[in-house]
Amino acid sequence: MFYLDRAATTPVRREVLEAMWPYLTGTFGNPSSTHGVGDAAARGLADARAAVAAVLGCRPAEVVFTTGGTEGANTAVKGIALAAPRGRHVVTSAIEHEAVLESCRYLERFHGFDVTVLPVDAEGLVDPSVLAGALRPDTTLVSIAHADNEIGTVQDVRALAAVAHEVGARFHTDAVQSAPWLPVGLDVLGVDAVSLSGHKLGAPKGTGVLAVRAGVPLEPLLHGGGQERGRRSGTEDVAGAVAVATAFALVAGVQDASASIATATRDAVLDGVLAAVPDAFVTGSRTSRLPGHASFCFPGVNGEAVLVELEQRDVVSSAGSACAAGSTEASHVLTALGLPEDVARTALRLSFDGSLTASDVPVVVRAVRDAVAAVRTLA
């Protein structure tokens, strides 16, 4: 079987499970407790925080452990916007994850914020000059993802953040999809906050990180005992923190080599499918694109039916965001590119790591070709 849905989730790595195990068994204490068992857990939590900080090139105090990308995005968008804002205006893009879009809508509905949603071009890119034209003296936050999960397009976040900073606005980026492939540190990207998810890196679901630059005010979503330096109350999941730290360090150690291999495989998949399937076209950018990410539309073909046919051919894939699976609505990402709704419903996403080899590509391409042909025959 070819598992080509890594943008949705990844299997937990054995090294991660082994690192977690002591904190699920013998070292089970509450890290806030003032006794030996608690101290041992606190040391594990501190070590995990330092390990994440080392990968992100930031201070340990700037690392907040979360339950994943959704909580991280909610905390960044709501927390920064509501904590000593310059004004009540936030800016985002039309292709953001719902965690960001719904957080912005929440600010609009309940706190009187104005929300500007920037358009993207046909490849899903935000133009820095368009962002500059949308900024106002009262803009307090801009949130634009580093890479899109449905179309794989990678934004020039550093350039976009620089535009926001020129007027004094803060900048958050959702780097859930880019973290397995690209450097995502605060300084590398030039941002004030970056949110990450553990289960895209080989850690369990329910783990994540939000890095927030020192000096950036952050109103917490969760109030209580003041854990995570007051930014996220609740007894810390030490095993989860160790898991995401271990997974992140493992990914960072081989990132360049993995990205190089997956980029070559990605291009072979893109070219192979375009050659094999009449009328197919690539969604997103061919040049500013994640390694290991190939996405298409097949006009006139039901995308969900293609997924079923592919699974019968031992290829597991998706139509797009797992968070929108089962929805009858066309993808907001694809319609933002200018695609009609009926075409947007024909989408296919293949997402993989370096384990998909060059010799596997023809097999996958044939499976896609045959699956699309089978659906067209049935139609």
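# Close-up views of a predicted model

**View 1. Tyr106 and Phe110 are separated by about one helical turn, because they stand 4 residues apart in helix H4 (residues 98-111).** Helices (H or I, at least four residues) and strands (E, at least two) are taken here as DSSP runs, numbered from the N terminus. Residues are numbered from 1 along each chain as its sequence is written, and side-chain values use heavy atoms, with hydrogens and water left out.

Rings of Phe, Tyr and Trp (its six-membered ring) are said to pair if their centres lie within 6.5 Å, and a pair is called stacked when the planes are under 30 degrees apart, edge-to-face when they are over 60, and tilted in the rest of the cases. Under this rule the model contains 2 aromatic pairs. One of them joins Tyr106 and Phe110, a tilted pair with 5.3 Å from centre to centre and 40° between the planes. Lys78 lies over the face of Tyr106, at 4.5 Å from the ring centre; a charge sits over a ring if NZ of Lys or CZ of Arg is within 6 Å of the ring centre and within 35 degrees of the ring normal. For surface exposure, buried means under 20% relative accessible area, exposed means over 50%, and partly exposed is in between (1.4 Å probe, protein chains only). Tyr106 is partly exposed, with a relative accessible area of 26%, whereas Phe110, at 57%, is exposed.

**View 2. Phe296 and Phe298 form a stacked aromatic pair, with 6.0 Å from centre to centre and 20° between the planes.** Phe296 counts as buried, at 0% relative accessibility, and Phe298 is buried too, with a relative accessible area of 0%. Cys297 also counts as buried, at 0% relative accessibility.

View 3. Ser195 counts as buried, at 0% relative accessibility. Leaving aside neighbours within four places in sequence, Ser195 is in contact (heavy atoms within 4.5 Å) with residues including Gly72, Ala73, Val209 and Leu210.

View 4. A polar atom of the Thr92 side chain lies 2.9 Å from the backbone oxygen of Ser143. When neighbours within four places in sequence are set aside, the residues in contact with Thr92 include Val100, Leu101, Cys104 and Val117. Of these, Cys104 counts as buried, at 2% relative accessibility.

**View 5. In the largest nonpolar core, which has 60 residues, Leu56, Phe65, Phe171 and Leu196 touch the most other members.** Helix H8 (residues 238-253) gives the most to this core, with 10 residues. Leu196 is in contact with residues including Leu56, Val176, Val184 and Phe248, leaving aside its neighbours within four places in sequence. Another core, of 27 residues, lies apart from this one, and among its members are Ala280, Val306, Leu310 and Val364. A nonpolar core is a set of buried Ala, Val, Leu, Ile, Met, Phe, Trp, Tyr and Cys residues joined through side-chain atoms within 4.5 Å.

**View 6. Val315 lies in strand E11 (residues 315-316).** Val315 counts as buried, at 1% relative accessibility. Not counting residues up to four places away in sequence, Val315 touches Phe2, Leu4, Leu310 and Ala367. Val315 and Ser103 are 212 residues apart in sequence and 35 Å apart in space, C-alpha to C-alpha.

**View 7. Ala84 has a positive phi of about 50° although it is not a glycine.** Ala84 lies in the loop between helix H3 (69-82) and strand E3 (89-93), and at 66% relative accessibility Ala84 counts as exposed. Asp279, in the loop between helix H9 (255-276) and strand E9 (281-282), has a positive phi as well, near 75°, and Asp279 counts as exposed at 57% relative accessibility.

Conventions
This is a predicted model: local features need pLDDT of at least 70, side-chain atom pairs count only at pLDDT 80 or more; totals for chains, interfaces and linings use all residues. A polar contact is a pair of N or O atoms within 3.5 Å; within protein, one must be able to donate a hydrogen and the other to accept it, and residues adjacent in sequence count only if both atoms are side-chain atoms.
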